[in-house]
Amino acid sequence: MNHCTPDPLHYERTPYQRCGRSGLKLPRVSLGLWQNFGNAHSLDNQRALLRRAFDLGITHFDAANNYGPPPGSAEENLGRVLREDFAGHRDELILSTKAGYRMWEGPYGEWGSRKYLLASLDQSLERLGVKYVDIFYHHRYDPDTPLEETMSALADAVGSGRALYVGISNYDAEQTRRAAAVLADLGIKLLIHQPLYNLFDRWVEPELLPTLAGLGVGCIPLLAARPRSVDKPLPRRGSH
Amino acid sequence: MLTNRYLAGVPIDSRASKSGLFLKADPIAPEVLESVRALNEVALARGATLAQLAVLWLLRRPEVTSVLIGASRVSQIEDIQGSLSQPALSADELAAIESILAQRKSRDRPWKG
């Protein structure tokens, strides 16, 4: 065991910003695990990335059930590094995961049912080796499941202690407004939205960003390009 | 820093291709590459890398709490973290970026995974 002993000044190296109208502050830069953390990458390199990030004050690591490849392996690898290197630092970390894309075979392994979301979260907690995640996201809007069901599953993730906050990813502005309203009825504040957003893909600017500002919801863009399959049928695995 | 190989249109192993700006599997269209070259000039003028510019540009929006970056090497995290100690983008820089981006149509459809 070689526990992480960060530079005593690491919290002075990065500014932290309040996430929307919430009590939670996030580092201005956070580390996403959507690539480079699957089993094809050496665990030593993954360990070095996570440790250096933390040493620079990057307290937020973002995962999803399907990150890998294979799906689940990014969470497994993160969990191993958390156990081996970050013991004693859990309360200094913001860990997030998501469910929405296809994770296992059959009708309960993707989209937005309560059945899928809570089972997936339990699997994520097992792979990560933690009692709870700080943020649990619905990864993509499900046009076929009542939004009330999906949002109540997120709310129950909080109520049961498996998550502290909830977020959504890849929802458009109108879907976001409805999700926030349903959650508010359940007594839960929508914390954060994670869209794809970069210099060449500014779809969030006309409607979504003003909507988030009005709702007091934070935004954490994923600095990645859309998969080229965006104009083709939905990708089945490994999507953002 | 963008490598010469990247600027020559071969993004393999370039820092930009692994910075999360683009998926490695994505071939870079010529008009995008032209924009990337111009954006790189904006970055170089302030002593920044393109990845740093991309992060600073997202952080210009008050709605953006944090930017999620990908990294395959420790040096990439250090590089991007370095953008946080730089001054925010100036009005002139933002105008230059808008002008570069206006030359190609931005995608405005919602991304629905």
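Here are some notes on this two-chain model, point by point.

1. First, a caveat: this is a predicted model, so read every contact and distance below as computed from predicted coordinates.

2. Chain A has six helices and nine strands. Its radius of gyration is 17 Å, close to the 18 Å that the globule rule gives for 240 residues, so chain A is as compact as a globular protein of that length. The C-alpha trace spans about 45 × 40 × 40 Å along the principal axes. Of the 240 residues in chain A, 51% are buried. If you take its contacts between residues at least 6 apart in sequence, 75% join residues at least 24 apart.

3. Chain B is built from six helices and one strand. Walk along the sequence and you get the pattern α-α-α-α-β-α-α. Buried residues account for 43% of its 113 residues. Among the contacts in chain B that link residues at least 6 apart in sequence, 62% join residues at least 24 apart.

4. To find the spot on screen, go to A:Val29, which stands opposite B:Val67 in E1(B).

5. Further into the sheet, E5 (residues 94-99) and E6 (residues 133-138) of chain A are parallel partners over four bridges, with A:Lys98 opposite A:Tyr137 in E6(A).

6. A:Val133 has A:Ala163 in E7(A) as its bridge partner. Six of the seven residues of E7(A) are buried, so this strand is largely enclosed by the rest of the structure.

7. Now the contact between the chains. It takes 54 residues from chain A and 37 residues from chain B. On the chain B side, the elements giving two or more residues are helix H3 (30-45), H4, strand E1 (67-69) and helix H5 (74-81). H4(B) gives the most, with five residues. By type, the chain B side divides into 22 nonpolar, eight polar and seven charged residues.

8. H4(B) comes up again when you look at burial. Ten of its ten residues are buried, including B:Gln52 and B:Trp57. In the largest nonpolar core, which has 95 residues, A:Val166 and B:Val55 touch the most other members. Helix H4 (residues 50-59) of chain B gives the most to this core, with nine residues.

9. What does A:Val166 touch, leaving aside its neighbours within four places in sequence? The list is A:Phe136, A:Leu154, A:Ala157, A:Val158, A:Leu183, A:Ile188, A:Leu190 and A:Leu191.

10. Buried or exposed? A:His139 is buried: it has 28 other C-beta atoms within 10 Å, and 20 or more is the cut-off. The C-alpha atoms of A:His139 and A:Gly100 are separated by 4.5 Å, although the two residues are 39 apart along the chain.

11. Last, A:Arg114, found in helix H3 (residues 114-128) of chain A. A:Arg114 counts as partly exposed, with 16 C-beta neighbours inside 10 Å. Setting aside neighbours within four places in sequence, A:Arg114 is in contact with A:Glu149, A:Ser152 and A:Ala153. From A:Arg114 to A:Leu154 it is 8.4 Å, C-alpha to C-alpha, for a pair 40 residues apart in sequence.

Notes:
Residues are numbered from 1 along each chain as its sequence is written. Chains are lettered from A and ligands numbered from 1 in the order in which they are written. This is a predicted model: local features need pLDDT of at least 70, side-chain atom pairs count only at pLDDT 80 or more; totals for chains, interfaces and linings use all residues. A nonpolar core is a set of buried Ala, Val, Leu, Ile, Met, Phe, Trp, Tyr and Cys residues joined through C-beta atoms within 7 Å. A residue is buried if 20 or more other C-beta atoms lie within 10 Å of its own, exposed if 12 or fewer, and partly exposed in between; C-beta atoms are placed from the backbone. Two residues are in contact if their C-beta atoms, placed from the backbone, lie within 7 Å. Ala, Val, Leu, Ile, Met, Phe, Trp, Tyr, Cys and Pro count as nonpolar, Asp, Glu, Lys and Arg as charged, and the others, Gly among them, as polar. Two strands pair if DSSP finds at least two bridges between them. The radius of gyration is taken over C-alpha atoms; the globule rule is 2.2 Å times the number of residues to the power 0.38.
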